[in-house]
Amino acid sequence: SSMAGLCVHSALVTGANRGIGLGIVRQLLQMPNPPECVFAACRDPKGERAQELQHLASKYPNLVIMPLEVTDPASIQAAAARVGEHLKGSGLNLLINNAGIAKLSFLDTETLESMSQIYTTNTIGPLLVSNLPLLKKAAQGSPGSELSCSKAAIINMSSSAGSIEEVFVWDYGQCIAYRCSKAALNMLTKCQSLGYREHGILCAALHPGWVQTDMGSTAEHKPPLTVDMSVQGMLNVLSTLSEKDTGTFLDWEGKVVSW
């Protein structure tokens, strides 16, 4: 498996209870050389919608499930403290900012509340979670100066729905707030790549493709990609990222997506 190149000591995935987040957690755990700690964060780990995650935890002792509301700074601090305790000072190698929300909306039905809520979760959340000193600590503790996901990386789950050039699947749904939040997340990724490069942290935005999830599917349309195909592709991409890829926007096959 080409994923064998991805050798991370620890990974944190937000929005990990279903869809792409759950798929990433599952495949990280099943890697030939899995991380010593996989932190799966979601809003309600004990709830109905996190049962599959709980099931995985019963099989994999290296899986740590934790509550995290990415729009709540106190929740982020509490999660960071727990991650820090588990890692005993070694730092976090890989942060995957996957938690996100979407609503079907149109130009004339978009509201202040919806716009604010989606931007807060999809853009501000990844900013706040990425500010954790745990990534810098991992980079400092890693030999060599070359950037990679094995050393320290922030991966923002974006979408080519937020590409100003592509405006992916416009005909299937305008989703104004979602698109704006992902375009802003792409800019955040670029800013993070510039601001964190000196700290040894690689930053990239990924488009997972149009995937068969609760969020991606509609009554009329079945997306072309399964979660497994998308996640396998993305983990392969992560294993190949290096210095030249920091600040880029790539899809699940490693192709560059237009901003």
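Visitor: Is Phe168 buried or exposed, or in between?

Guide: At 25% relative accessibility, Phe168 counts as partly exposed. Buried means under 20% relative accessible area, exposed over 50%, and partly exposed in between, with a 1.4 Å probe and protein chains only. Trp210, at 18%, is therefore buried. A word on the source: this is a predicted model, where local features need pLDDT of at least 70 and side-chain atom pairs pLDDT 80 or more, while totals for chains, interfaces and linings use all residues. Residues are numbered from 1 along each chain as its sequence is written, and side-chain values use heavy atoms, leaving out hydrogens and water.

Visitor: How many aromatic pairs does the structure hold?

Guide: Rings of Phe, Tyr and Trp (its six-membered ring) pair if their centres lie within 6.5 Å; planes under 30 degrees apart count as stacked, over 60 as edge-to-face and the rest as tilted. The structure holds 3 such pairs. In one of them, the ring centres of Phe168 and Trp210 are 6.4 Å apart and the planes stand at 85°, so the pair is edge-to-face. Ring pairs also link Phe168, Tyr172 and Trp210 into a cluster.

Visitor: Why is the pair of Phe249 and Trp259 stacked?

Guide: Because the planes of Phe249 and Trp259 are at 25°, with ring centres 5.5 Å apart, this pair is stacked.

Visitor: Are these two, Phe249 and Trp259, buried or partly exposed?

Guide: Phe249 is buried, with a relative accessible area of 1%, whereas Trp259 is partly exposed at 41%.
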